[in-house]
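Subject: Structure handover

Hi,

Here is the structure you will be taking over. Please open it first, then read my notes below.

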Amino acid sequence: MSDRSQLERLCIHETVDEKIPIEAFADAFSDLDVPVEIVGDDEAFDRTDAVASFRPREAFLDAGWTHCIRAGYDEFDTDAYEEAGVPLTNSTGIHDTTVGELAIGYMVSLARMLHIYRDHQNENHWLEPEYERPFTVENERVCVVGLGTLGQGVAERADALGMEVVGVRRSDEPVPGVSELYHPDDLHEAIDGARFVVIAVPHTPETEGMFSTEEFEIMRDDAYLVNIARGPIADEDALIDALDAGEIAGAGLDVFETEPLPEDNPLWDFEEVIISPHRGSATNRYHLDIAELVKEIFHQYQAGEDLRNRVA
């Protein structure tokens, strides 16, 4: 890796502003020893440039290194980067706290009916629920499907709340807070009996439609689905049918097959479904989280080391 040109500029593409405040992101690199510039589509690049962007552009193939500021890099043509010899990195591995907290928030809200109380508050209505309906998450079983950064973030926090945490992953290496591991081939056994099922696997051809009619039929009828990964992993029509039929009790959803979620989608109308607009990572310091990662990879590049999160 010693034949790399040294990076002499960090370019922040204007599409970054779609996700995080671009000026604040640029300011986060004030301690970097190269100029930091916000650039548009008319900018030209060479091998001494590093680029951080939300969207791909063909011109980035002329840079020395390109970083996608999101975890999902599907839009970026990895083959083209391989052919051009330009490293491409992504922003996975930094969402354990942000997305983990969101999943816990869903589970606590669904258990203690916070979402329903808020609905009735909007109508100035004092709701007293049926005695049997509210429950605590403590001692309830949660099955976390996928134990990468997201899944481990959920597992750690669920364990701290006294939940029984089981997980699904290919590796049998133990995970802190997870009492039992299942191979993906044993998914049905893993989700059977869980009060909460949390989807935290990447979206791949293998995981698309991983949850469909059969999986919802296997889940308890008082179980809740939580999807913090990607929408297509759960078949949306099958999920709607399962909710309609009472095969599962409800869901907490941050991701959808089509985003934004269309206004006429039936998921909006279920009292026991909590919807958030794909903002699992959204906090007031998310730009700092990404900047720290970019700086780490920048220094690895300058030192000729292997790059963290390299995907091409």
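A salt bridge here is a side-chain nitrogen of Lys or Arg within 4 Å of a carboxyl oxygen of Asp or Glu. Keep in mind that this is a predicted model.

**Salt bridges**

By that rule, the count is 18 salt bridges. Start with Arg308 and Glu296. They form a salt bridge, with their closest N and O atoms 2.8 Å apart. Arg308 sits in the segment after α9 and Glu296 in helix α9 itself, so this pair ties together parts that are 12 residues apart in sequence. How covered are the two partners? Arg308 has a relative accessible area of 29%, so it is partly exposed. Glu296 is partly exposed as well, at 32%.

Next, look at Glu75. Which residues does Glu75 bridge to? One is Arg55, with the closest N and O atoms 2.6 Å apart. This pair links distant parts of the chain. Glu75 is in the loop between β4 (65-68) and α2 (78-84). Arg55 is in the loop between β3 and β4, and the two residues are 20 residues apart. The other partner is Arg70, where the closest N and O atoms are 3.0 Å apart.

Glu75 has 40% relative accessibility, so it counts as partly exposed. Arg55, at 26%, is also partly exposed. Arg70 has a relative accessible area of 16%. Buried means under 20%, so Arg70 is buried.

There is also a network of salt bridges. It links Arg9, Glu37, Glu43 and Asp49.

**A negative patch**

Which residues form the negative surface patch? They are Glu14, Asp17, Glu23, Asp27 and Asp42. Take Asp42 as an example. Asp42 is placed in the loop between β2 (36-39) and β3 (49-53). Its relative accessibility is 72%. The cut-off for exposed is over 50%, so Asp42 counts as exposed.

Helix α9 covers residues 286-302.

Helix α3 runs over residues 96-112. It has 17 residues too, and at 1.5 Å a residue they should span 24 Å. Its end C-alpha atoms are 24 Å apart, which agrees. The buried residues of α3 include Val99, Ile104, Tyr106, Met107 and Leu110. Gly100, Ala103 and Ala111 are also buried there. Just after α3 comes Met113, which takes a positive phi of about 70 degrees.

**Backbone points to check**

Most residues other than glycine have a negative phi, and most peptide bonds are trans. That is why a few places here deserve a look.

Met113 is one of them, given its positive phi. His278 is another, with phi near 50 degrees. His278 is found in the loop between β12 and α9. At 22% relative accessibility, His278 counts as partly exposed. Asn309 has a positive phi as well, near 65 degrees. Asn309 lies in the segment after α9. Its relative accessibility is 17%, so Asn309 counts as buried.

Where is the cis peptide bond? It runs from Glu259 to Pro260, with omega near -5 degrees. Pro260 lies in the loop between β11 (250-253) and β12 (273-275).

**One more contact**

Finally, turn to His183. Its place is in the loop between β8 (180-182) and α6 (187-191). His183 and Arg170 are 13 residues apart in sequence. In space they are 5.3 Å apart, C-alpha to C-alpha. At 28% relative accessibility, His183 counts as partly exposed.

Best wishes

Terms used. Residues numbered from 1 in each chain as written. Predicted model: local features only at pLDDT ≥ 70, side-chain atom pairs only at ≥ 80, totals over all residues. Heavy atoms only, no water. Patch = residues over 30% accessible without salt bridge, like charges linked within 9 Å, V, L, I, M, F, W, Y side chains within 5 Å. Areas by Shrake-Rupley, 256 points an atom, 1.4 Å probe, with all protein chains shown as cover. Lys, Arg positive; Asp, Glu negative; His and termini not counted. Charge placed at Lys NZ, Arg CZ, Asp CG, Glu CD. Helix = DSSP H or I, 4+ residues; strand = E, 2+ residues; numbered from the N terminus. Buried < 20%, exposed > 50% of the residue type's maximum accessible area, 1.4 Å probe, protein only. Expected span 1.5 Å × (residues − 1).
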